[in-house]
Amino acid sequence: MGSKLEVDGLRVAYTPGRPVVDGVDLVVPGGTLTALLGPSGCGKSTLLRTVAGLLAPDAGDVRVDGVSVLGVPAERRPVGLVFQRPLLFAHLTVEQNVAFGLRMRGVGARERRRRTAEVLDRVELGGLGPRRIGQLSGGQEQRAALARALVLDPPVLLLDEPFSQLDAALRQRMRELVRGIQRELAVTMLFVTHDQQEAVDLADDVALLLDGRLEATGSPVDFYTAPPTLRAARFFGPVNEVPGTLAGTAFACPAGTVGVAPGGADGPGVLVVRPEAVQLLDGPRPGTLAAVVVDERFAGTHRTVLLDLAGGVRLTATVAATRTVACGAVVHVSLAPQDCRVLPPG
């Protein structure tokens with residue numbers, strides 16, 4: 001079982017008074033994978049490098065199994081790190097690259113060979129140990145970098161957008177590989193990504209970092225179906241936003257009154273609903289809202305439909321790719337209460 005990672009009040013500033021990471025509290029339970037999600041420049045890599053010991057924080061603490069690792073040199077911390085680029089030694093073979101850390105720790109040659117062969121098999125590079133780095137594909141290089149980190153049996157493994165240089169199909173294969181290894185070894189992983197789909201595919205939990213601060217944490221399902229904040233809802237995929245006023249589970253907006261999930265605070269708010277939860281009906285039913293189709297676009301797996309409702313309300317819906325919706329047609333919108341959340345304006 002991997003170790004518990006805790007980040008407590010972490011603050012890092014390259015320029016005095018302008019923190020890149022600002023008071024972040026984060027817990028990664030032992031043996032789980034947390035995706036540190038956020039846009040470019042929000043402080044994700046800075047946080048990861050601080051945990052790894054490559055940067056010193058201005059404030060806060062980093063603990064592994066309750067023990068602070070501040071002041072412990074990077075090479076002695078109980079963490080492994082896989083960078084965005086593999087950073088392998090071109091003059092060494094794959095096997096020599098993977099075994100490098102073991103050799104630095106004084107592990108004997110026979111044990112190095114055994115552990116290196118074992119981890120190369122685990123990352124699907126068995127038999128490629130004698131190859132030079134220049135003979136590898138991009139995906140193979142990244143797997144070799146992963147093997148180099150794993151061979152040291154780190155209690156915590158940090159991954160800094162390791163698949164961003166790969167094509168879409170290979171990224172998906174690498175996600176499956178990493179998730180399989182994480183589950184098999186129960187190693188604790190903190191995985192940096194700017195891709196919400198990658199976070200959904202990989203993570204037990206998601207930590208959303210915006211402007212150097214932790215916006216919210218939760219499961220991928222919670223982020224998507226019950227976003228904790230409006231900023232989180234916006235970042236986690238396309239979402240409709242309708243301003244109005246909430247009273248109990250009734251949300252009044254210019255297009256009419258909509259039933260919503262309980263839990264929102266009465267008063268002004270923003271109704272959020274995902275496009276795939278907007279149902280289009282040909283005729284009126286109780287609780288539906290009339291709308292006019294103003295645009296529709298084929299998107300491969302579905303069609304995207306743009307709708308105008310009363311009072312200037314505009315919604316986007318997704319429907320089956322095989323369904324035809326004519327521009328100018330009048331349709332009726334049905335919104336299930338469980339799919340609708342009202343959040344504070346932000």
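Predicted model: local features only at pLDDT ≥ 70, side-chain atom pairs only at ≥ 80, totals over all residues.
The lining of the largest pocket is made up of 20 nonpolar, two polar and five charged residues. The space in the largest pocket comes to about 720 Å³. Its lining counts 27 residues, and those closest to the centre are Ala74, Glu75, Val79, Leu81 and Leu152. Strand β6 (79-82), helix α2 (94-104) and helix α4 are the elements that each contribute two or more residues to this lining.

The second largest pocket has a volume of about 240 Å³. Here 16 residues form the lining, with Glu118, Arg122, Leu150, Asp153 and Leu185 closest to the centre. Helix α3, which covers residues 109-122, is the main contributor to the lining of the second largest pocket, giving six residues. Sorted by class, the lining of this second pocket holds nine nonpolar residues, one polar residue and six charged residues.

In soluble globular proteins, nonpolar side chains tend to be found buried together. In this model, the largest nonpolar core contains 44 residues, and Val123, Leu146 and Leu157 have the most contacts inside it. Helix α4 (residues 138-150) supplies the largest share of this core, namely six residues. What does Leu146 contact, once its neighbours within four places in sequence are left aside? The partners of Leu146 are Val82, Val123, Leu157, Leu159, Val178 and Ile181. Another core, of 28 residues, lies apart from the largest one, and its members include Val242, Phe251, Leu309 and Val313.

Across the whole structure, one cavity of 30 Å³ or more is found, and the largest cavity holds about 50 Å³ of space. Its lining consists of Val242, Cys253, Ala255, Val258, Leu271, Leu289, Leu309, Val313, Leu315 and Leu335. Which classes of residue make up the cavity lining? The lining has 10 nonpolar residues, with no polar and no charged ones.

How many disulfides does the structure hold? The count is zero. A disulfide is a covalent bond that joins the sulfur atoms of two cysteines. For Cys253, the closest cysteine sulfur is that of Cys340, and at 9.9 Å it is too far away for a bond. A disulfide needs the two sulfur atoms to be within 2.5 Å, so the separation of 9.9 Å between the sulfur atoms of Cys340 and Cys253 rules out a bond. Cys253 has a relative accessibility of 14% and therefore counts as buried, while Cys340, at 0%, also counts as buried.

A last stop is a threonine. Thr304 sits in strand β17, which spans residues 302-309. Is Thr304 buried or exposed? Buried is the term that applies, because the relative accessibility of Thr304 is 13% and the cut-off for buried is under 20%. Not counting residues up to four places away in sequence, Thr304 touches Asp295, Glu296, Arg297, Ala299, Thr316, Ala317 and Thr318.

Technical notes. Residues numbered from 1 in each chain as written. Heavy atoms only, no water. 1 Å grid on protein atoms, 1.4 Å probe; cavity = no way out; pocket = protein on both sides within 12 Å on 5 of 7 lines; lining within 4 Å. Points joined across faces, edges and corners; volume = space filled by probe spheres on them. Nonpolar A, V, L, I, M, F, W, Y, C, P; charged D, E, K, R; others polar. Core = buried A, V, L, I, M, F, W, Y, C linked by side-chain atoms within 4.5 Å. Buried < 20%, exposed > 50% of the residue type's maximum accessible area, 1.4 Å probe, protein only. Helix = DSSP H or I, 4+ residues; strand = E, 2+ residues; numbered from the N terminus. Contact = heavy atoms within 4.5 Å.
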